[in-house]
Each structure stands twice: as structure tokens, then as C-alpha cells.
Amino acid sequence: MNGGAGSGFSPVLRAVERRLALPLPKRVRFLRELEFDLQELAGRLVADGVPAEEARRQAVEVLVPDHGTVEELDSLHATFYRRLTRPLNPGRLRLVERGTLAVLTAGILIGETFTLLQADLLSDPSPFLWPVLLGGGVLLAMAGAKAFQLWVKGNHSRLWAGLNPILVTAGGILALGLAGALWELFHLAGALEAAPERAGVLVPGWLARQSVLLSVALILSLAGGLAWFVLSQCVAFLSSARRELLEPDAAPSLKKEE
Amino acid sequence: MTETEFDVQAFARDINELLVLSTLRSGAKHGYQIGLDVESESNGLFRFRHGTLYPILHRLEEEKLIRGSWKKDGGRQKKVYSLTRAGERHLEGRTSRVQEIVDRLLTVLRQPGEARA
């Protein structure tokens, strides 16, 4: 599929794209439609004897949307969430969204704790379990916020933003769990050296605590990694169609800074 | 007879939509061709500029009055629109309404000099 290569209208399409707030798939489809029509009109004018540059200028004047038309297109293709929240002041909306995110994070934390309580895994928790749970809450909230931005708000202006922190946090949670287990192993070794007769009590206790800590850290880290993978694939898919149309000479890569 | 208030902007939008629907009666076309045909069939009276045709097409497509599909054209992709059955019915119904509005307008304009209070 040949998008923008050789069309000569790539700069025009990029300028139009900067003014549009449509979700990316619809944005790309519209630009592709516009590109064809621009080429057709310019071609027809050239066939009628109009110089090529003038033909391009006339085609742009006839077909490229002005400010009012862009607003109309944005309104027409807005997601359900955008239509619902249109009456709200943008500052207030941002406040509501952040407040909801904070509540979501707190809810995740409560949910995690409740789940562990139900399974009777908090009778003797590792001190590292709490920061791991906190990190897990933050991680899942970050992934949820990114998914919300992509699929509910349809805001595709900064596609890759927020993805790397998800991966880094997932890795950090795993690292924290491992570090906690090692730290407690070190202290267990010290305790056994001081009182070897207590091995029968200390070792099972250590094993129970670390198995909970490492299991929770591993599960949360894997969940974060999976979320990162799914979101990255979605973003790569969205941006590849755009890149093919608007930057046909760009080297293909998974990540594109926007 | 009581009438709901006549909305001039809605009427203007209706006219644009009806022009697009009527030109699709002769077959599927892409956006620029639709604009060209409307201009040619109206002898230049109706013209779409600054991309104003696109929101009209997209709105009609969303309302299922026209159907958009992608076709290959010499290595390029073009979006072609065709009239749906619902679009044909809509066109017939609204054309009658436009006729009614124009008739009433002409009736008012051609009133022999009535004194107004």
C-alpha cells in the first residue's frame, strides 16, 4: 500500500494532521482520503494546462479543511467520552480524571490487601511486601490510565508517553521483591548463626514470608509487563499506519518520538 | 397551522447534504468527484471549499445514508461513497420538504404589496 510516497502533499498532510484531534485510526483514514483527492484535483488542473505549483496551491485551497471544518471533523469523530465531557471545563475535567485515578490506585491497593487477607497470607508479612503492593497499585493504575487515554479518550497526541515508566515500574517491583528476599536471607543467616537451635522456627517463617513476597512481586511484575506489551503493540500499530502515510522515507522502527 | 421554528442553519446543512446524496444517485464516487459534480450540475451555484465537503460526507456515512469503502486505484487508496437505500428514502423525503419551504418563501415574496402593521 503506497501512502504518501511520491505524492508531494506530505507536508500539507502533516500540517493538517497537527490541527486534527481525531483518534489516530480515523485521522489516518481521513488524511489518506484527502491525499487521494488532492492528487486527483492537482492532476486534473495540470492536465488542463495549469502549472504544477499553481495546481497544487489551488487543490490545497479547495480541499484542505479550514479551522471551522477541522473543528467540525473533530466534533463528528469525537469518542463517546469526549462528547460526554465536552460541557466540562478542561481544567476541571483534568482534576476529575486525576482524582478518579487516585481513587482507582487506592482501590487497587485495598483490593490487593484484601486478596492477601482472604488467603491468610498477611499473618507474618515481610516488611518489603508493603512497598511491593504500593508499587503494584501504582503500576496497575499507570497501565489503566494509559489504556483509558488510548481507548476511551481517544487521545493519540503523545502515543509513546507513559509506556516506559510502566515497564520500569514492573521491573522495579520485581527487583524490590528480590532485594527484600535477599535482605531477609542475610538477616536470617545472622539469626541462625546467633541461635542455631531456633532454625526449626526461623527457617519456615522466612520461607513463608519470602514465598508470599516473591509471588506477589512476580505476579505484579508480570501483569505490568503484559500490560506494557499489549499497550506497546497497540501504539506501534496505531503509529505505523500514520508513519506510512506521512513519513514514507522514515526508517521503520518500533518507537517513534512524536 | 403551527410550525416549529424554521432553522436557517439546519436548512443550509440539509441543502448541502441533499446535493451530495443526489449526485450519488448516478453511482459511487470519491470525495473530490462529488464536489466536482455538484458544482457542474448546479452550473457553479453550489461549490464546496476549504474541505467543507468532508464533514458532510462523514456525517452522512455515520447516519448510514451513504456507504464509504476503500478501493485501490493505481497503487493508491481512494475512498468511494455510494448511496444506501436509507439515503435514497431520505433524499426523497427531504426534497419534498425543501420544495415546500421554497414554495412558501416564494408565496411570501410574491405577495402583492400588503400593508404591515
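**First stop: a helix pair**

Select helix H1 (residues 10-19) of chain A together with H2(A): their axes come within 10 Å and cross at roughly 145°. Axes here are lines fitted to C-alpha atoms, for helices over the stretch in contact, with angles from 0 to 180 degrees between N-to-C directions. Helices (H or I, at least four residues) and strands (E, at least two) are DSSP runs, numbered from the N terminus. The crossing of H1(A) and H2(A) is right-handed, meaning that the near helix is turned clockwise from the far one by less than a right angle.

A word on the source: this is a predicted model, where local features need pLDDT of at least 70 and side-chain atom pairs count only at pLDDT 80 or more, while totals for chains, interfaces and linings use all residues. Residues are numbered from 1 along each chain as its sequence is written, chains are lettered from A and ligands numbered from 1 in the order in which they are written, and side-chain values use heavy atoms, with hydrogens and water left out.

Now show side chains. From H1(A), A:Val12, A:Leu13, A:Val16 and A:Glu17 meet a set in H2(A) that includes A:Phe30, A:Leu31 and A:Leu34; contact means heavy atoms within 4.5 Å. The residues of this contact divide into eight nonpolar, no polar and three charged. (Ala, Val, Leu, Ile, Met, Phe, Trp, Tyr, Cys and Pro count as nonpolar, Asp, Glu, Lys and Arg as charged, and the others, Gly among them, as polar.)

**Next: across to chain B**

Stay on H2 (residues 24-47) of chain A, which lies across E1, E2 and E3 of chain B at about 95° to E3(B). Which strand order do you find in the open sheet of chain B? It reads E1-E3-E2, with antiparallel pairing; two strands pair if DSSP finds at least two bridges between them. At the edges are E1 (29-30) and E2 (66-73) of chain B, each pairing on one side only.

Zoom in on E3 (residues 76-83) of chain B, joined to E1(B) by two bridges. Here B:Lys29 stands opposite B:Tyr81. On the E2(B) side there are eight bridges to E3(B), and B:Arg67 stands opposite B:Ser82. Follow that hairpin to the two residues between its strands, and pick B:Gly74, which takes a positive phi near 55°.
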